[in-house]
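Open the model in your viewer and keep the selection panel at hand. The tour moves stop by stop.

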Amino acid sequence: MNPLSFHDKAMPTALAVTAAGKQGKFWEYYHTLFENNQALTDPDLKKYAADLGLNVEQWEKDRASDDVKKTVEAQQAIAMALGATGTPAFFVNGQTFSGAKPFEEFKVAIDAQLAKGERLAARNVPVEALHAVLSGAAQEGKYRAYVIDGKTPPKAQAAGADGPEEPLAKRSVEIPVGDSPRKGEGDKVVLTEFSDFQ
Amino acid sequence: MSKTNAVLIALSVAVLAFIAGYMVGNSASPPGTGPAITEEQVKELPTVAKGIESCPAKGANPAKVVVVEWTDFQ
């Protein structure tokens, strides 16, 4: 999980689903959240725990525990260290995909990895080592260090670690627009757009 | 053989040699190919992703392709 600071339901749900995982129902809870992503208040989270047959009292203790919080923060720290500052973020044998992508993009990447895996298997590289070998150079070695070798990354900077980061929308940002094309008069409100055609 | 013909033949050979060399140079083994690795080398390869070992996972283990996702709910 990588609960982003500017998603107000992100940390409570991350703690809730991780706590459900301690009772062996991570995926059931995860899919319940996904199917009910417009109803993620605290009473909703508790109801889902009960509906899934969790020991709700234990689940409540777990989601408020340091143990669960540290688990989420550890996952978050790896994401941050790998530059995965948005969600969802995917790594296909270490190859980065930021944001939701069409199936075809994943298929191309996965097929390419499978082909490389076949070639490595022909050189006697065992399947259980393919993840490490094929991701070895990803993220300038950071993926290998944090995901494969399990080294501890720098502490997460997002919400829940050192306090909430101010949302970008509320921060003042200097944008060097130079001689960029512009419209309109006055400068009480300046709307700057970065755009492209697909 | 005239001197001109000899020069032309020499030039042709040089050009062909250059093209052949270029083609050989660009037909290097694709990534992931090469000689088989030794048992000793195999033993040194990491077989567990320790950083995500305790994370929820689906699918075959071990797998040829591992997709790691970081996500959240808004």
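Two strands pair if DSSP finds at least two bridges between them. Helices (H or I, at least four residues) and strands (E, at least two) are DSSP runs, numbered from the N terminus. This is a predicted model: local features need pLDDT of at least 70, side-chain atom pairs count only at pLDDT 80 or more, and totals for chains, interfaces and linings use all residues. Residues are numbered from 1 along each chain as its sequence is written, while chains are lettered from A and ligands numbered from 1 in the order in which they are written.

**Stop 1: the hairpin**

Select β1(A) and β2(A). Four bridges join these antiparallel strands. Two residues lie between the strands of this hairpin, and A:N93 takes a positive phi near 50°. Now step along the pair. A:V92 stands opposite A:Q95 in β2(A). A:F91 faces A:T96 of β2(A).

**Stop 2: across the chains**

With β1(A), residues 89-92, β1(B) pairs in the antiparallel sense over four bridges. Pick A:F90: its bridge partner in β1(B) is B:E69.

Which order do the strands take in the open sheet? The three strands run β2(A)-β1(A)-β1(B), with antiparallel pairing. β2(A), residues 95-98, and β1(B) stand at the edges with a single partner strand each, so one side of each is left without a neighbour in the sheet. On average, neighbouring strands of this sheet are turned by 20° against each other, direction ignored. Strands of a sheet pair through backbone hydrogen bonds, either parallel or antiparallel.

**Stop 3: the interface**

Colour by chain. Here 29 residues of chain B are in contact with 49 residues of chain A (contact: C-beta atoms, placed from the backbone, within 7 Å).

**Stop 4**

Select α6(A). This helix lies across β1 and β2 of chain A, at about 25° to β1(A). Axes are lines fitted to C-alpha atoms, for helices over the stretch in contact, and angles run from 0 to 180 degrees between N-to-C directions.

α6(A), residues 103-121, packs against α7(A) at an angle of about 120°, with the axes 10 Å apart. That makes α6(A) oblique to α7(A). Angles under 35 degrees count as roughly parallel, over 145 as roughly antiparallel, 65 to 115 as roughly perpendicular and the rest as oblique. Show side chains: A:Q113, A:K116, A:G117, A:L120 and A:A121 of α6(A) make the contact with A:V127, A:L130, A:V133 and A:L134 of α7(A).

**Stop 4: α1(A) and α3(A)**

Select residues 10-21 and 42-51 of chain A. These helices, α1(A) and α3(A), pack at about 15°, with their axes 11 Å apart. They are therefore roughly parallel to each other. A:P12, A:T13, A:A16 and A:A20 in α1(A) meet A:D42, A:L45 and A:A49 in α3(A).

**Last stop: confidence**

Colour by pLDDT (the predictor's confidence in each residue, from 0 to 100). Chain B has a mean of 75, and 55% of its residues reach 70 or more. In chain B, confidence is lowest in α1(B), residues 3-25, at a mean of 57, and highest in β1(B), at 96. Over residues 20-31 of chain B, pLDDT stays under 50. The model scores ipTM 0.75 and pTM 0.73.

Technical notes. Contact = placed C-beta atoms within 7 Å.
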